[in-house]
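This report concerns one protein chain and how its parts are put together.

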Amino acid sequence: MGVLQIHERRDLRGEIRVPGDKSISHRAVMLGAVAEGTSRVEGFLPGADCLGTIECFRRMGVKIHRDGSETLTVEGQGWEGLREPETVLDVGNSGTTIRLMLGVLAGRPFHATVLGDESIGRRPMNRVVEPLRLMGARVDGRSKGSFTPLSVRGGQLTGITYRSQVASAQVKSSLLLAGLQGEGVTRVEEPALSRDHTERMLRAFGVKVDCDSQGVSVSGGQVLRAREIRVPGDISSAAFLIVAALIVPGSRLMIRDVGLNPTRTGILDVLQKMGGELEIIQTGEWNGEPVGDVTVSHSSLTGVEIGGDTIPRLIDEIPVLAVAATQAAGNTVIRDAAELKVKESDRIAATAQELRKLGGRVEETDDGLVIEGKTPLTGGPCDSHGDHRIGMAMAVAGLVAAGRTTVTRVEAIDVSFPEFASLLEGL
Ligand code: S3P
């Protein structure tokens, strides 16, 4: 069991880059695999989740070469070139791998068994299984196909219009990937716009994707054309360092080449609203994704109330936002975030429980958290709950907690940010 020891710090300074975006890295492998021709991917995130996606597609006969840790060559097979896997497809801890891959498998004329770790076994799969069945896929599994292990026999699909109950990019992307293999138009509508990396990357691969204020549609039968993908730094990883710099006195950090997709920058907006000194400069666009530099300085923060459409734009950053809130004057209220209960851990419970261990005054609500500020934290033992983002959030809390904080089960961090501890150490 990995343990991370964190001491109270001052003056986090430096100019850094964070590893590649996890969502974009998964999609680069998957779209590259089903495209015609060879795609090259630069800046790939070599975290456990994305390496798992590579392994799953290799098992379906796709040749994927790693030329160095962050560069890939993906020999696309076209949809028809994917082969029936001889063994189970194990997604490890990755919800994105399993849900998006189910969309790919739904249209393939073969059988596959898909499973993951204990955490994946607790996460709801019916949100993709149900609409994929409506399109014509045959999926079975535990609890009538609501949980892993799942067994898929794909085949002829027909486009549907699907109104998702949750704003989930994994659901939306899964259905779009299935829809591309089906007959007619597949349309997905969601209660609020979730991250749109799939839409942007599909366009980069030459697919026509129609977006309007209500939803997104694709027509079946479109061919993806291989291309070069440059993956921006992951704003969700950057968020840990941004919050660290905001709350640790004397800090100033510049983070270069971070993805600034507006469906992901909710955390920057909210931290600015809290009084965070952030300078954000867009420097370019990489395969349809805005990219730029973020400079952040230690700031006095004030609590905020957030909910509604903002939540999907910062869903993965809420644990570390809660850490920032413990150091902000006044209360912070987070609403409409019940989705956090079905992430890698129950992040509402885990965040509240772990911050309280360090003296944080944090209450769980049905759909979020209430965090009282400004609270002095005291170092002590806490745990990642096997969840990368809880582990990193607690390490950031440890930077402002008096004395020493130990975080257990930090091997979970390898899922998205393997260099987190060394990068923090080096600042
Ligand atoms: C992701 C979508 C989000 C996010 C996850 C990555 C993606 O999940 O929390 O870390 O890459 O599509 P949901 O689609 O379940 O909201």
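Predicted model: local features only at pLDDT ≥ 70, side-chain atom pairs only at ≥ 80, totals over all residues.

Residues are numbered from 1 along each chain as its sequence is written, and side-chain values use heavy atoms, with hydrogens and water left out.

An automatic or database domain assignment gives the bounds: domain 1 covers 3-20 + 232-426 and domain 2 covers 22-209. The table lists values for this pair of domains.

| Item | Value |
|---|---|
| Distance between C-alpha centres | 28 Å |
| Buried area (accessible area, 1.4 Å probe, lost on being put together, summed over both parts) | about 2200 Å² |

Carbon and sulfur atoms give 49% of the buried area. Thr263, Glu344 and Val415 supply 24% of what domain 1 buries against domain 2, more than any other three residues. Three salt bridges are counted between the domains (side-chain nitrogen of Lys or Arg within 4 Å of a carboxyl oxygen of Asp or Glu). Glutamate 339 and arginine 127 meet through their side chains in a salt bridge, at 2.8 Å from N to O.

An open sheet has four strands in the order β2-β15-β17-β16, with mixed pairing (strands are DSSP E runs of at least two residues, numbered from the N terminus; two strands pair if DSSP finds at least two bridges between them). Its edge strands are β2 (13-17) and β16 (277-286), each pairing on one side only. β16 pairs with β17 (residues 289-297) in the antiparallel sense over nine bridges. Valine 291 in β17 is the bridge partner of glycine 284.

Terms used: Buried area = accessible area lost by both parts, 1.4 Å probe.
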